Amino acid sequence: MVTTESTPKARPKQVAEHFSISAMTLWRWAQNPDFPKPLKRGGVVLYDIAAIENWLEGAQQ
């Protein structure tokens, strides 16, 4: 069985801390249609840290 979960995933609070932003800023970023969609496992929301970093690099260009 092959899994694609090789990059770090984090809950919203952890993502906000990682990027030194507020939870509201993460919510605003998530409203952008190009922002990486989170994985939803039951009631748990997980964001791909590497995908967000790539999105930020693209947004700065």
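This is a predicted model: local features need pLDDT of at least 70, side-chain atom pairs count only at pLDDT 80 or more; totals for chains, interfaces and linings use all residues.
Strand 2 (39–41) runs antiparallel to strand 3 (residues 44–48), and three bridges join the two.

Searching the whole structure turns up one salt bridge. The partners are lysine 9 and aspartate 48, whose closest N and O atoms are 3.9 Å apart. This pair links distant parts of the chain, with lysine 9 in strand 1 and aspartate 48 in strand 3, 39 residues apart. As for solvent, lysine 9 is partly exposed, at a relative accessible area of 24%.

Next comes the nonpolar interior. In soluble globular proteins, nonpolar side chains tend to be buried together. Here the largest nonpolar core holds 13 residues, and Val15, Phe19, Leu26, Trp29, Phe35 and Ile52 have the most contacts inside it. At least two residues of this core come from each of helix 1, helix 2 and helix 3. Helix 3 gives the largest share, four residues. Valine 15 shows what such a position looks like up close: setting aside neighbours within four places in sequence, valine 15 is in contact with Ala10, Leu26, Tyr47, Ile49 and Ile52.

Phe19, Trp29, Phe35, Tyr47 and Trp55 form one aromatic cluster, and the count of aromatic pairs comes to five. In one of these pairs, the ring centres of tryptophan 29 and phenylalanine 35 are 6.4 Å apart with the planes at 50 degrees, so the pair is tilted. Both tryptophan 29 and phenylalanine 35 are buried. Phenylalanine 35 also pairs with tryptophan 55: the centres of these rings are 4.9 Å apart and the planes stand at 85 degrees, which makes the pair edge-to-face, since the cut-off for that label is over 60. Phenylalanine 35 belongs to the loop between helix 2 and strand 2, while tryptophan 55 belongs to helix 3 (residues 49–59), so the pair ties together parts that are 20 residues apart in sequence. Relative accessible area is 3% for phenylalanine 35 and 16% for tryptophan 55. Tryptophan 55 therefore counts as buried, the limit being under 20%.

Serine 20 is placed in the loop between helix 1 (12–18) and helix 2 (23–30). Most residues other than glycine have a negative phi. Serine 20, though, has a positive phi, near 55 degrees. Serine 20 is also exposed, because its relative accessibility is 66% and the cut-off for exposed is over 50%.

Conventions: Residues are numbered from 1 along each chain as its sequence is written. Side-chain values use heavy atoms; hydrogens and water are left out. Buried means under 20% relative accessible area, exposed over 50%, partly exposed in between (1.4 Å probe, protein chains only). Rings of Phe, Tyr and Trp (its six-membered ring) pair if their centres lie within 6.5 Å; planes under 30 degrees apart count as stacked, over 60 as edge-to-face and the rest as tilted. Two strands pair if DSSP finds at least two bridges between them. A salt bridge is a side-chain nitrogen of Lys or Arg within 4 Å of a carboxyl oxygen of Asp or Glu. A nonpolar core is a set of buried Ala, Val, Leu, Ile, Met, Phe, Trp, Tyr and Cys residues joined through side-chain atoms within 4.5 Å. Contact means heavy atoms within 4.5 Å.
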